[in-house]
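This briefing covers selected packing features of one model. Please look at the structure before reading the points below.

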Amino acid sequence: MDLNFTEADQAFRQEVIEFLRVELPADISRRVHADLPVSKEDTEFWHAVLHKRGWLTYNWPKSFGGIGWSPVQQFIFEEECAAAGAPRILPFGLKMLAPVLIAFGSKEQQEHWLPRMCDGTDWWCQGYSEPGSGSDLASLKTTAVKQGDHYVINGQKTWTTLGQYANMIFCLVRTDGDCKPQAGISFILVDLATPGIEMRPIRTLDGGQEVNEVFFTDVRVPASNLVGEENKGWTYAKYLLAHERNGIANVGISGQKLARLKRLSLTQKRNGKPLADDPLFAARLARLEIELHNLETTNLRVLDGFSKGAGPGPESSMLKIIGSELEQNFDDLTRRALGRHAQAHTPQVFEPGYNGPQVAPQDMANQSAAYFNKRKVSIYGGSNEIQKNIITKMILGL
Amino acid sequence: MLADMIGKFIQNDYPLKARITAGSSALGYCTAAYSTMAQLGLIGALFEEEVGGFGGSGFDIATVFTELGKGLVLEPLNDTALTTGYILAQTDQLELVEQIVLGEKRVALGLIENGADYDWSAPETLARQTGAAWQLNGVKTCVKFAHGADALIVSAQTQSTPGISLFLIEAAAAGLAEHPFQTVDGGNACEITLHNTPAQLLAVEGAAYPLIDAAAARATLALCAEALGLMERIKDMTIDYMRTRKQFGSELGKFQALQHRVAQMLLEIEQAKSAVINAANDLQAPTDERNRAISAAKYSIGRIGCAVAEEAIQLHGGIGMTWEYDLGHFAKRLVMIDHEWGDQDFHMMRFAQS
């Protein structure tokens with residue numbers, strides 16, 4: 001594969017940069033750069049902006065409204081969006097459910113749900129994990145029992161990201177308990193307004209609230225909301241998880257963190273000199289920059305393989321492990337760079353009318369909380385330990 | 001004996017929920033708990049008999065703070081008693097030391113200035129003398145638990161004499177403004193601005209460096225011991241979780257890949273414990289020897305502490321990320337200890353250059 005950007009790629013990059021310059025409001029990018037939560041309104045606003053331009057569904061097949069960007073173009077788009085501080089495209093509907101519906105959904109389901117994802121009618125969340133089923137997802141216990149033209153769902157889901165904003169949830173449910181666990185799972189779409197559903201927030205260790213528990217008590221869901229065939233849900237789930245891991249290398253975000261850390265190291269002091277001159281710090285930073293350059297090429301190699309083959313495969317697991325650890329390492333080194341100021345937890349400096357002390361540089365006011373929050377990235381989407389199991393089995397054949 | 005007594009206090013009278021609530025209060029800790037600990041003699045154990053205590057050795061300090069770490073105790077016995085009490089004891093402020101030992105007064109310490117540096121050897125805060133009276137001008141940052149303290153000790157340079165001087169300032173002194181903020185591990189710190197603030201010179205003008213250095217050694221030892229206590233608890237929590245959490249039909253602790261990681265955690269914590277013992281043992285040694293042992297300990301604790309915090313969260317999975325589960329609070333404090341009194345890189349270089 002050719003690693004050099006073509007003239008067309010460079011022109012495309014300029015097009016993305018110009019788009020972001022014109023369309024991305026400064027107050028949103030400031031919050032994104034500071035690792036603060038993006039509000040529901042700001043996310044919906046940004047989705048609408050991308051939708052208007054036709055870029056919201058950039059990773060969909062052309063026949064379903066995608067653009068047909070090459071892997072390199074997708075990479076450029078993601079890199080520039082991260083560099084500009086654009087909110088991430090919420091993956092649950094657009095990047096996770098959509099590929100499943102496109103591959104396995106009925107024509108009616110595709111025609112009903114896909115446009116609603118694009119125009120913001122639906123905010124999707126994910127009902128996969130359960131309290132007893134984390135890494136061992138196939139052991140899930142939430143049941144769906146067919147009664148006439150409905151399924152009746154009972155059970156509990158957890159770690160449902162931004163469920164508090166959602167009106168729809170896609171769930172893995174057990175429709176057969178008398179077989180190998182993987183063979184009795186189905187994939188179903190549930191309206192969160194259905195009676196019998198309760199969403200409870202889970203506070204995370206950084207004090208944030210982005211994940212939830214969802215309780216289902218005799219929740220009646222139309223049978224037409226089943227995706228694909230009954231008891232084939234595990235196949236769809238694996239397909240979805242591979243797509244979830246696609247893009248999880250987070251090369252763009254790590255690149256942005258590298259640039260931010262380099263800027264910070266010029267203003268922070270160690271022993272009276274700029275931190276950038278500290279040989280230990282410089283070595284730590286160099287190590288991460290080298291790893292990022294390596295990952296950029298690993299990422300492109302894997303994407304190139306996907307585009308020539310049958311889509312995402314077990315190589316996604318490599319990107320997930322390397323990408324998540326690298327992102328965490330950038331947050332770790334940024335925290336170190338803040339020295340004493342890393343102790344301050346002052347996200348309120350972004351609120352209007354704040355008149356308290358500004359301890360850390362302003363875009364770093366939430367950095368330590370973000371460092372702790374980002375410990376999640378090596379846990380969610382299939383923990384890195386599970387990714388290693390996948391590599392062991394699927395790539396190494398052990 | 002002392003360790004058992006502190007352990008019982010934590011078990012019976014120091015619920016973690018109350019600690020977490022106090023950590024995000026305006027004061028950042030619980031004064032009643034602080035007083036109780038003083039009455040139990042926890043502060044007295046940090047000072048020698050000549051100044052009203054009944055301990056004061058490196059091992060006394062290490063024992064107290066290891067036990068406090070096991071309970072994730074928030075109250076600033078290090079910041080407002082041990083470190084400042086030592087400075088005051090060395091400068092014959094024995095009445096104030098007595099009040100500190102009894103828990104009646106709390107004195108905070110302001111050495112760090114802006115720039116986020118760990119280096120406290122060159123303060124820009126300026127002290128001016130008019131007759132016998134001193135006035136200070138400058139800004140101190142990250143002064144832990146200054147809010148609610150009765151007085152502050154701050155470092156400054158004077159116009160006439162090179163070197164560092166230390167000054168005692170009443171919390172209510174004119175021209176002192178405190179700007180408190182929350183710390184990420186629960187608790188409070190302040191930015192302190194001083195504008196023509198009246199102050200009392202401690203020790204000899206320009207000659208406070210060795211005194212600060214000795215106080216820093218005590219504070220750093222206490223932090224290392226606290227981290228050790230935190231790590232012991234984190235290790236126990238992780239082992240318990242490995243024994244009870246089931247995935248794929250068996251306990252997590254049955255998976256060899258995970259067993260080896262917990263075993264590695266144990267090895268690292270044992271090494272950290274040895275580093276703390278070395279530092280406690282050398283607290284009274286000649287300055288260079290003492291500082292090498294202190295830096296060795298703080299480097300070890302910084303490196304191992306961050307690794308243990310991250311690994312324990314990873315081994316727990318999602319539950320380790322929640323506010324409701326204890327682990328995250330221990331992990332936050334453990335990581336933040338690397339940001340006080342010099343991080344692992346700072347101490348590795350200080351060791352290398354000594």
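Helix α10(B) is largely enclosed by the rest of the structure, because 11 of its 11 residues are buried (a residue is buried if 20 or more other C-beta atoms, placed from the backbone, lie within 10 Å of its own, exposed if 12 or fewer, and partly exposed in between). Helices (H or I, at least four residues) and strands (E, at least two) are DSSP runs numbered from the N terminus. The model is predicted, so local features need pLDDT of at least 70 and side-chain atom pairs count only at pLDDT 80 or more, while totals for chains, interfaces and linings use all residues. Residues are numbered from 1 along each chain as its sequence is written, and chains are lettered from A and ligands numbered from 1 in the order in which they are written.

**Helix α10 of chain B**

- The buried residues of α10(B) are B:Leu327, B:Gly328, B:His329, B:Phe330, B:Ala331, B:Lys332, B:Arg333, B:Leu334, B:Val335, B:Met336 and B:Ile337.
- These buried residues pack against α11 (367–373) of chain A, and also against α2 (16–23), α7 and α9 of chain B; two residues are in contact if their C-beta atoms, placed from the backbone, lie within 7 Å.

**Contact between the chains**

- On the chain B side 35 residues are in contact with 38 residues of chain A.
- Elements giving two or more residues to this side of chain B are β3 (133–144), β6 (176–182), β7 (188–202), α9 (287–316), α10 (327–337) and α11 (344–353).
- The residues on the chain B side comprise 15 nonpolar, 12 polar and 8 charged (Ala, Val, Leu, Ile, Met, Phe, Trp, Tyr, Cys and Pro count as nonpolar, Asp, Glu, Lys and Arg as charged, and the others, Gly among them, as polar).
- A:Gly207 lies in the loop between β6 (197–202) and β7 of chain A, and it touches A:Ala369 and B:Trp323, leaving out residues up to four places away in sequence.
- A:Gly207 has 17 other C-beta atoms within 10 Å and is therefore partly exposed.
- The C-alpha atoms of A:Gly207 and A:Asn373 are separated by 9.0 Å, although the two are 166 residues apart along the chain.

- Beyond its neighbours within four places in sequence, B:Leu152 is in contact with residues including B:Val107, B:Val143, B:Ile169 and B:Ile192.

**Helix pair in chain A**

- Helices α8 (residues 251–267) and α9 (residues 279–308) of chain A pack at an angle of about 160 degrees, with axes 10 Å apart.
- α8(A) and α9(A) are therefore roughly antiparallel, a term for angles over 145 degrees.
- The contact residues include A:Val251, A:Leu258 and A:Leu261 of α8(A), and A:Phe281, A:Leu288 and A:Leu295 of α9(A).
- The residues of this contact divide into 8 nonpolar, 4 polar and 2 charged.

**Positive phi outside glycine**

- A:Asp218, not a glycine, has a positive phi of about 50 degrees and sits in strand β7 (residues 211–222) of chain A.
- A:Asp218 counts as exposed because it has 11 C-beta neighbours inside 10 Å.
- B:Cys142, in strand β3 of chain B, has a positive phi near 50 degrees.
- With 26 other C-beta atoms within 10 Å, B:Cys142 is buried.

Note on methods. Axes are lines fitted to C-alpha atoms, for helices over the stretch in contact, and angles run from 0 to 180 degrees between N-to-C directions. Angles under 35 degrees count as roughly parallel, over 145 as roughly antiparallel, 65 to 115 as roughly perpendicular and the rest as oblique.
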